[in-house]
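The exercises below are meant to be worked with the sequence and the coordinates open side by side. Each one sets a task and then follows it with a stepwise solution.

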Amino acid sequence: MSAVADHYPYSPGLEGVPAGVTHVSEIDVARSILTYRGYDVHELAENGSFEETAYLLLYSELPNRAQLKDFTERLSSQREVPSSIYDALKAMPSDTHPMDSIRTAFSLLAPHDPDYHAPATDHEANIRKAERIIAKAGTMVANGYRVQHGKDPIQPKSGHTSAQHFLYLLNGEEPDEYTRHIFDVSMILYAEHTFNASTFACRVCVSTLSDLYSGIVTGISTLRGPLHGGANEEAIRMLLE
């Protein structure tokens, strides 16, 4: 065993092992810079919107005004989710962890996607799926929270940005501009973080030619752990204390 270990050195956490090559996102540790498609995330947060950032990540370039308008309208038109998803969430125990709820919701949503039977290698179908996932994620999280707390789901309202949409469903009222802006910036900053644990897990899953939804569910399952997404929960608890 030791001879094998000497020949194949063990790298805890895959430290120093190239996991892949990507142009989507990069972290320059030395300069503490995070980039999306070569753009500094701070510039995107200061001068752009979540919709522009999502378009950049999906299509490799920032949208012009017409492209941004069409993209925003496509997202707005695809936010509704099947009522069966809410029925399933209502059937879950009231103390279900939110990450378990959204993981279940995405599993149930997959067969409803119009491109459900498309091959995993169909790039155009995957882009369409990605847009639907972006559009519906906020609906399922916010209305999932409402369902878990004994409230009725709220129907998405057309014309909302992604940030407005989420806050409107969550609280049942239109958000003020400051809150909308802060949440929009937060979504920009959380949109990509290169090869973190959840991204790596997603890539392992879809590399088997599994579908995009399976990858999303895998990523959510990874984020569920206290050493990844759960670290944010602990930070919030600390701030509240």
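**Exercise 1.** With which residue does Asp100 form a salt bridge, the closest N and O atoms being 3.1 Å apart?

*Solution.* The model is a predicted one, in which local features need pLDDT of at least 70 and side-chain atom pairs count only at pLDDT 80 or more, while totals for chains, interfaces and linings use all residues. Residues are numbered from 1 along each chain as its sequence is written, and side-chain values use heavy atoms, with hydrogens and water left out.

Step 1: apply the criterion, a side-chain nitrogen of Lys or Arg within 4 Å of a carboxyl oxygen of Asp or Glu; the partner of Asp100 is then Arg224, with 3.1 Å between the closest N and O atoms.

Step 2: Asp100 lies in helix 6 and Arg224 in the loop between helix 11 (212-223) and helix 12 (230-240), so that the pair links distant parts of the chain, 124 residues apart.

Step 3: Because Asp100 and Arg103 are 3 residues apart in helix 6, about one helical turn separates them.

Step 4: classify exposure, where buried means under 20% relative accessible area, exposed over 50% and partly exposed in between (1.4 Å probe, protein chains only). Asp100 counts as buried at 15%, whereas Arg103 at 26% counts as partly exposed, and Arg224 at 30% is partly exposed.

**Exercise 2.** Describe the open sheet, beginning with the order of its strands.

*Solution.* Step 1: two strands are taken to pair if DSSP finds at least two bridges between them; on that basis 3 strands form an open sheet in the order 1-2-3, with antiparallel pairing. Strand 1 and strand 3 (39-40) are the edge strands, each pairing on one side only.

Step 1: examine each pairing. Strand 1 (residues 25-28) and strand 2 (residues 33-36) are antiparallel over 4 bridges, and Ile27 stands opposite Leu34 in strand 2. Strand 2 is joined to strand 3 by 2 bridges, with Thr35 opposite Asp40 in strand 3.

Step 2: inspect the turn. Strand 1 and strand 2 form a hairpin with 4 residues between them, and Ser32 in this turn has a positive phi of about 55°. A salt bridge of 2.8 Å, N to O, brings together the side chains of Arg31 and Asp28; Arg31 is exposed at 58%, while Asp28 is partly exposed at 24%.

**Exercise 3.** Which residues have the most contacts inside the largest nonpolar core?

*Solution.* Step 1: a nonpolar core is a set of buried Ala, Val, Leu, Ile, Met, Phe, Trp, Tyr and Cys residues joined through side-chain atoms within 4.5 Å. The largest has 20 residues, and those with the most contacts inside it are Tyr36, Val41, Leu44, Phe50, Leu58, Phe71 and Ile188.

Step 1: assign the core to elements; helix 3 supplies the largest share, 6 residues.

Step 2: follow one member, counting as contact any heavy atoms within 4.5 Å. Leaving aside neighbours within four places in sequence, Phe71 is in contact with Glu51, Ala54, Tyr55, Leu58, Tyr59 and Glu131.
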